There are 2 protein chains.
Amino acid sequence: MIFAGIVAGGIGARFGGDIPKQFLILEKKPIIVHTIEKFLLCEKFDSICVGIHKNWKSYTEDIFKKFNLNDERLLVTSGGENRNETIMNIINALESKFEKNDDNVLVTHDVVRPFVTLRIIEENIKTALKYGACDTVVRSHDTVVESNKEKTEILNVPNREFVFLGQTPQSFNMKKLSEFYNELTYEEKSNLTDACKIFVIKGESVKLIEGEFSNMKITTVGDYQIAQSLFARHSEKA
Amino acid sequence: MIFAGIVAGGIGARFGGDIPKQFLILEKKPIIVHTIEKFLLCEKFDSICVGIHKNWKSYTEDIFKKFNLNDERLLVTSGGENRNETIMNIINALESKFEKNDDNVLVTHDVVRPFVTLRIIEENIKTALKYGACDTVVRSHDTVVESNKEKTEILNVPNREFVFLGQTPQSFNMKKLSEFYNELTYEEKSNLTDACKIFVIKGESVKLIEGEFSNMKITTVGDYQIAQSLFARHSEKA
């Protein structure tokens, strides 16, 4: 079976303000609604499970009612203490409702990337089914620089030809992701903020999928302004 | 003495169209005019030298007349075959006009980053004077991923805490930059597209300066649209 896991466990600490950023309005709808609508468009999903911070779960359910997100494939579960814990809660919620299967695939996606395209989602599904794991990336326009531990000087400038910026979706064979994560020590769990890295350190291949520059993450007030402009431009064209 | 080198040697191949991207209009002025106006604001510069592709040199001089860029500190010289060659042409142009000095500093900047701030420029000058080299960087919102040679799989996911995206200005002790560059082999010259990396491989410290997310590089049509939106938003607020 094919599942989507929408990662929305944060409370928007980086953004400031009283409301997690996924609830901010873009063109008359909260960001979370735009993102979920994109996933509902893809008929391949058996279920789309949103992992949301427990304090915002009932608010989210109200939003879904208000914006007519009443597709029976849509589930809501509580988020965990960090990104990977939220993904594990999503897996548990799905496995308690659907049959476990060695071939199940989970397409994980940041709730604050509403501009994801159906092309990107479908390539993720296909690649995770075939290879077990994939990451959506774009080339970096800017040179990437690694700093020393004090973050005061350049330590290394990796060859730009092989440097990419990770977006989401990140998609995985669900059984492997769950097994690999549970094999990690407490310390490894704290350090591995990126689920793809779990596969990498286990020596498993993670294929690259070409993302889009417009598939941006809305993390700061500046990003939100750019996102509003992007939507405004789309509307002008339509 | 303190110099600025505006790197504008490209012909906009990545952008498409018939005109290098620095001549596209943002809010009634070509991008190049916005960028140069930012540098003219800083009184610490003894000269600001623009390295432009030879086919566009007289066009650039016409643009400067049209937009009243008649500050006598402004020089125009021909660009080279790549970014570093353009910087070397700028250094030659400056050294043929001004006295050579061990302490001269060159603040190099991409012509297509018109949103640079005076704060960033002044921190560059101060840091290059004190330490010999610095790079303007921002944290990466996105996880950075290094691919295998075939660019099909993830090879490494560097620890995000120490990963930054390089912007410009990049600023240098002019004598050292020139000496280090001339010591490189032909092959090293072809591979070292980033001037800071020349200092890094010579074992010289390159300090980090905090940039701004808005100090974006206008490389693609999408970037140009975002830049137009950023300007529109600034105007609304004003």
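A residue is taken here as buried when its relative accessible area is under 20%, as exposed when it is over 50%, and as partly exposed in between. The structure described is a predicted model.

By this criterion, Lys151(B) is partly exposed, because its relative accessible area is 29%. The side chain of Lys151(B) forms a salt bridge with Glu161(A), in which the closest N and O atoms are 3.2 Å apart. This pair crosses between chains: Glu161(A) belongs to the loop between strand S9 (154–156) and strand S10 (163–173) of chain A, whereas Lys151(B) belongs to the loop between strand S8 (143–147) and strand S9 (154–156) of chain B. Glu161(A) is likewise partly exposed, at 40% relative accessibility. In general, side chains of opposite charge can pair when their charged atoms come close.

Over all chains, a search of the whole structure finds 28 salt bridges. Among them is the pair formed by Lys175(A) and Asp102(A), with the closest N and O atoms 3.2 Å apart. Distant parts of the chain are linked by this pair, since Lys175(A) lies in helix H5 (residues 174–183) of chain A and Asp102(A) in the loop between helix H3 (83–97) and strand S6 (105–110) of chain A, 73 residues apart. Lys175(A) has a relative accessible area of 34% and is partly exposed; Asp102(A) also counts as partly exposed, at 47%. A further salt bridge joins the side chains of Arg113(A) and Asp110(A), at 2.9 Å from N to O. Both Arg113(A) and Asp110(A) are buried.

In chain B, helix H3 (residues 83–97) packs against helix H5 (residues 174–183) at an angle of about 130 degrees, and the two axes are 11 Å apart. H3(B) is therefore oblique to H5(B). The crossing of H3(B) past H5(B) is left-handed. On the side of H3(B), the contact involves Asn84(B), Glu85(B), Ile87(B), Met88(B), Ile91(B), Leu94(B) and Glu95(B), which meet Met174(B), Leu177(B), Ser178(B) and Tyr181(B) of H5(B). The residues of this contact comprise seven nonpolar, two polar and two charged.

Phe164(B) is located in strand S10 (residues 163–173) of chain B. With a relative accessible area of 7%, Phe164(B) is buried. When neighbours within four places in sequence are left aside, the contacts of Phe164(B) include Thr143(A), Val144(A), Val145(A), Ser147(A) and Lys151(A) from chain A, together with Val137(B), Val138(B), Arg139(B) and Leu208(B) from chain B. Phe164(B) and Gly203(B), 39 residues apart in sequence, are 19 Å apart in space from C-alpha to C-alpha.

Several backbone features were also identified. Most residues other than glycine have a negative phi, and most peptide bonds are trans. In chain A, the peptide bond from Thr168(A) to Pro169(A) is cis, with omega near 10 degrees, and Pro169(A) is placed in strand S10 of chain A. In chain B, Thr168(B) and Pro169(B) are joined by a cis peptide bond with omega about 5 degrees; Pro169(B) lies in strand S10 of chain B. Although not a glycine, Lys28(A) has a positive phi of about 75 degrees. Lys28(A) occupies the loop between strand S2 (25–26) and strand S3 (29–30) of chain A and is exposed, at 73% relative accessibility. Asn68(A), also not a glycine, has a positive phi of about 55 degrees. The loop between helix H2 (57–66) and strand S5 (74–78) of chain A contains Asn68(A), which is exposed with a relative accessible area of 57%.

Technical notes
Residues numbered from 1 in each chain as written. Chains lettered and ligands numbered in written order. Predicted model: local features only at pLDDT ≥ 70, side-chain atom pairs only at ≥ 80, totals over all residues. Heavy atoms only, no water. Axes fitted to C-alpha atoms, helices over the stretch in contact; angles between N-to-C directions. Helix = DSSP H or I, 4+ residues; strand = E, 2+ residues; numbered from the N terminus. Parallel < 35°, antiparallel > 145°, perpendicular 65-115°, else oblique. Left-handed = near helix turned anticlockwise from the far one by under 90°. Contact = heavy atoms within 4.5 Å. Nonpolar A, V, L, I, M, F, W, Y, C, P; charged D, E, K, R; others polar. Salt bridge = Lys/Arg side-chain N within 4 Å of Asp/Glu carboxyl O. Buried < 20%, exposed > 50% of the residue type's maximum accessible area, 1.4 Å probe, protein only.
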